[in-house]
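Hi,

Here is the structure I promised to pass on. My notes follow below it.

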Amino acid sequence: MTVGSLLILPGDGIGPEVMNEVCRIIQWFEQKLNIRFETRFDLVGGSAYDEYGKPLADKTLTTANEVDAILLGAVGGP
């Protein structure tokens, strides 16, 4: 049973490390409560700028408007 949809934007700096732990928590909920989240990933901040040429790509914003919740990690590299 799918409960909702999530967009995970790890960001840069410490963001990806923190979001890895968030994903572990989501997996725990899925296993213990027998629920499922539709989870999508994309880039934001410096990592998005490196990949797409801007800190928030149009396709990321489109996806953000389609999901139930957005989990945003830290942005702001060195």
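Helices (H or I, at least four residues) and strands (E, at least two) are DSSP runs, numbered from the N terminus.

A word on the source: this is a predicted model, where local features need pLDDT of at least 70, side-chain atom pairs count only at pLDDT 80 or more, and totals for chains, interfaces and linings use all residues. Residues are numbered from 1 along each chain as its sequence is written, and side-chain values use heavy atoms, with hydrogens and water left out.

Back to α3, which spans residues 58-66: its buried residues are T60, T63 and A64. They sit on the same side of α3 because they cover an arc of only 105° around the axis, taken from the directions from the helix axis to the C-beta atoms. Their cover includes β1 (2-9), β2 (36-41), α2 (46-52) and β3 (69-72), with contact meaning heavy atoms within 4.5 Å.

Next, the end of α1 and what follows. L33 lies in helix α1 (residues 15-33) and counts as partly exposed because its relative accessibility is 48%. N34 is found in the loop between α1 and β2, and its phi is near 55°, a positive value in a residue other than glycine. At 64% relative accessibility, N34 counts as exposed.

Happy to talk it over.

Best wishes

Note on methods: Buried < 20%, exposed > 50% of the residue type's maximum accessible area, 1.4 Å probe, protein only.
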